[in-house]
Amino acid sequence: MWAAIILAATAALIAALRPRRRSAVCAVLVSLGAAIWVTWSPLPEPSYAWLPALHLVLAGRNDETARLAATVVATIAAVVAVFALGDPETNDGAPRFFATYALFVGAMLAFVSASSIVFAYVCWEIMGVASFVLIGHDMADAAAGASARRALTATRLGDLSVLIGAALFAAGSLEAGASFVVVGAAVKSAQLGASPWLVGAMVAPTPVSALLHSATLVAAGPYLVARFIAFPNVPVVAAALLAYAAITALISAIFAATSDDAKRTLAWSSIEQLAQAFVAAAVGMPRLALAVLAGHAIAKPALFFAAGMQRVATGTSRYATASRAARRIPSLVSAIVYGAIALVGIPPFLSSWALAGTWTAAGRVQSILLFAGVALASLGGWYVTRFGLLLLPSDARRFETRRIGVGSSIAVWLMIAVGASTSLTYVRVAIDPVSIALPLAAIAGAAACFALRHTALVRCAPLIPNGIDDWDAAFRRTMGTLAGFLDALDRGVLGVTDRLGATIVASGRTADRIDRAIDRATTSGGRRVAADGTRAGSLVAGNPSLYLGISGGIFVAAGLAALVIVAVRKAVI
Amino acid sequence: LIEIVVAILVPVVGAAIAPFVSPRSARRLTILIGLVVAALGVAGLVAGSGWSIDVAWIPSLGSRLSLGSDALGWSLVALSGGMTAAALASVPLRERSEVLDALFGVTLAGLVVVFLARDLLVFYVGFEIALVPMYFIIAGWGEGDRTRAALTFFLYTRFGSLAMLLGFVGLALGPGSHGFAFNAITEPTGIVAAWIAGGLLLGFAVKLPAVPMHAWLPLAHTEAPTEGSIVLASLLLKLGGFGLIRIALGFMPHTLAAIAGWIIVWGIVSALWGAIAAYGQNDLKRLVAYSSINHMGYVLVAVGVAAASGPRSVTAHIAIAGAALQLISHGVLTGALFAVSGAIGERYGTRDLVQLRGRLRRGTKLGWWFAVLALGSLGIPGLSGFAAEIQILVATAQVSPVAAVFVAIAIVVTTGVFARAIVMLLFGPARRNEALGPFPAALRLALVALLVASAALGLAPRLLVDGFATIRVPAAELVTQR
């Protein structure tokens, strides 16, 4: 909680002072360092009863899981902030970018230490809005706005599902509550059926993708279910999630293997990795789920850095636009090699034993899942190799390197250092069939991809067309049509009141005419009286202030009379 | 005693003085009056459950001039004063604006009477006093098709009031009741109860407004002057929600419990209708107007949830507190959104989103203000809308998960509505800076004040929610337990 407060204060500071980009990054780095420090310090957790009736108490549960997760998040956020320093995409509107960035990281740090689902939901909402601003950072680009809007709407659906789940938990229905929470988490993590928002969000600046769409925002889904749902108690939900996550992983790995865009490959790969974390959570291995997430978090940003550098240099993240010269940028090559090895689970990196453990456990539940694990490993090896081959082609012409800032290169080396040190700290040596089979499958996939690098199999067209970005077109059209229909209906209904009003006015005129006629007929001096009446009427009509003055006077008199009555009553009683 | 008399008399006296002084003085006077009433409302919230007036009025009808309220009434009094001041501060002076100000003063007095009433006839009188000036405001100072808008408003309001009055009479004459005073009323049963509940629900649904009695609202909001839109949305719509909680739920909890499922469905239809219709709007004011229907739909859902779960259950407390907070939050945020929309319309000569596309990113802060307020309105944590909607959604989920799913869908569509508006206002290729009038200091001050109020309620909802936990249901307890 203290870490979140520090980051939120930094965000407010950056928003208020609007510093230059370098100062903003420094502020973010300092506050991230402070955040890691307070996470491990024995400071008592603050607690704030926001809405006690809903058990919505802002309080952290700073156990070891939360501390480790917070450290990973803060470290990756720091590395990505360094990358952002060299990324021209964040140059305009830097104060807005880094203030939102700090706010986002603060919400994520609060999320990982949240003590209840409702509190976690609140943090998630804040992250969602922050990601809306971050994805839409390039406001001159209308496409960025559309992507930001879609991301906000889609993730909000997930948020509210989680909230309903939390409410059902509070009401005591375990199965239903778990279902809603799992659905919400799956939507937030862009699992199959909800994936397009994440793929479309790849228009965001690279630092946003590297942080939000690999290590934090989307990773929060598996983290939430692993931390708050005891799957052994809800076997039906666990079985459904297991099947769903396994299918999601396989299909998104295939999409990653056929994408024609570097950042989209990585988006599908993120979906696949998160699905594996869901598998671990569903088989009742929450710690393995967190290990899968951590392994993903230390590997994927490096690949995003590579894709981002390529996009900066060539203006697009499509493959086959870069050139041979790219091979001369050591940080770019290193980022790809490190990221690829660390991601697919080659020892000694964290993913290796996390994925092996996950699929071992899944195999105990349903032995066919072991094959899914092996298939995923070889697909992973295939698509990271393809990513590297297509990003560093040998047959293109031109590559401008001058626009890539030195911060980006430093960030790559930092990322590798972080990944290496994390993996070496937590290294586990396991000699069992799965732990050996998975890396071998990955290497086999990589070798196959390399061997077939000139064939159509590697250079195939994407299975998922890029038009999927506009996935909500039909939805928006339906909404627009429906809205037009409702609007027309509402306007049409007013015809009734229009008719009624016209009738009333007309009958009033008729009554008036009849009255005047009677008046003229019965009164000898009728003509003069009628004229006087008209004059008085026009006086009031032409001078509303007189009319209002009279009305006001009556009101005052009434009020005074009421006062007098009250006073008299008091005196009498 | 004296506090209530002051709260009612100050706007009355102000309204009587305003037409005879200069427009500028009238404006200042009315803003000051609004602030005084707001201060009294806050004071009443803190200390006022003991403040009351209770004198015989029409003994033959069993009606007493009885005023005094709990947290619900006093917080709405504070809202009324504050929003009247904010509405008048956020717009420039118009022709004959001293008369306009007087009309707002009269409305304010009526609102105070309604929110503090402990007698159905007093409630009714206040209701009428509050509503009638809006006809003149729209007809006299509106834009475009103002006569038609005013007449539509008037007719809908008349029919709503009539249904409501019939319901009141039924309540007061029903078996067991012996008058219009709150503590003289007992809940009727059988077919009589159904008719009375129908009248009350119909009357309040027109004001709320709930589908299908809502068609007057978008028209009235678009044609009214901006300050009229603000008061209409922020305060007059509250009459419906307040009546539902105080009178309908307060006196007929068992009757409503019998039809609670239908009320929830009604609220969901209303919320979805408002959200979907808002999705297709390009006129900013019309968009915000439809989002009001959506927001008030949640209040109807909450009333149904409270009725379904029994008025003394924990769920009902959460639902009622959520609905009450929604009334306040909507008053603050939607009022501010109307102020911004009106200001955008004045500066750019259009409120059409297509024509405004991308133009608000540079040159004025109004687009950013709209974005922040819209985010608050769609319910991001930190502003008041979130604290209200989370309570309604949680209470709904505890009564019916299916209903909660539909409420969530309505919230998501609202998110889409406001996200679309924000993106259309702020995103797009850069243009040259347009020469625009300055951002008036008074408007800025009003917006800052409203945002601070919303943030205070969003960050510390217990400021109000703790008080809302003691909302009197049945309302007769307002009189018996001081």
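The model is predicted, so local features need pLDDT of at least 70 and side-chain atom pairs count only at pLDDT 80 or more, whereas totals for chains, interfaces and linings use all residues. Residues are numbered from 1 along each chain as its sequence is written, chains are lettered from A and ligands numbered from 1 in the order in which they are written, and side-chain values use heavy atoms, with hydrogens and water left out.

**The interface**

Select chain A and chain B together. In contact (heavy atoms within 4.5 Å) are 74 residues of chain B and 66 residues of chain A. The buried area, meaning the accessible area (1.4 Å probe) that two parts lose on being put together, summed over both, is about 5900 Å², and carbon and sulfur atoms give 80% of this area.

Next, select Asp487(A) and Arg286(B). These residues form a salt bridge, with the closest N and O atoms 2.8 Å apart; the term denotes a side-chain nitrogen of Lys or Arg within 4 Å of a carboxyl oxygen of Asp or Glu. Between chain B and chain A the count is two salt bridges.

Then display helix 17 of chain B, residues 401–426. This helix contributes 14 residues, the largest share of the side of chain B that touches chain A. Helices (H or I, at least four residues) and strands (E, at least two) are DSSP runs, numbered from the N terminus. By class, that side of chain B has 56 nonpolar residues (Ala, Val, Leu, Ile, Met, Phe, Trp, Tyr, Cys and Pro), six charged (Asp, Glu, Lys and Arg) and 12 polar (the others, Gly among them).

**A salt bridge within chain A**

Over all chains, the count comes to 18 salt bridges. Select Arg156(A) and Glu125(A), a pair whose closest N and O atoms are 2.9 Å apart. Arg156(A) lies in helix 6 (142–171) of chain A and Glu125(A) in helix 5 (117–135) of chain A, so the pair ties together parts that are 31 residues apart in sequence.

**Backbone features**

Most residues other than glycine have a negative phi, and most peptide bonds are trans.

- Pro347(A) to Pro348(A): the peptide bond is cis, with omega near 5°. Pro348(A) is in the loop between helix 14 (330–344) and helix 15 (350–365) of chain A.
- Leu208(B) to Pro209(B): the peptide bond is cis, with omega about -10°. Pro209(B) is in the loop between helix 7 (190–207) and helix 8 (216–223) of chain B.
- His55(A): phi is positive, near 60°. His55(A) is in the loop between strand 1 (47–51) and strand 2 (56–59) of chain A.
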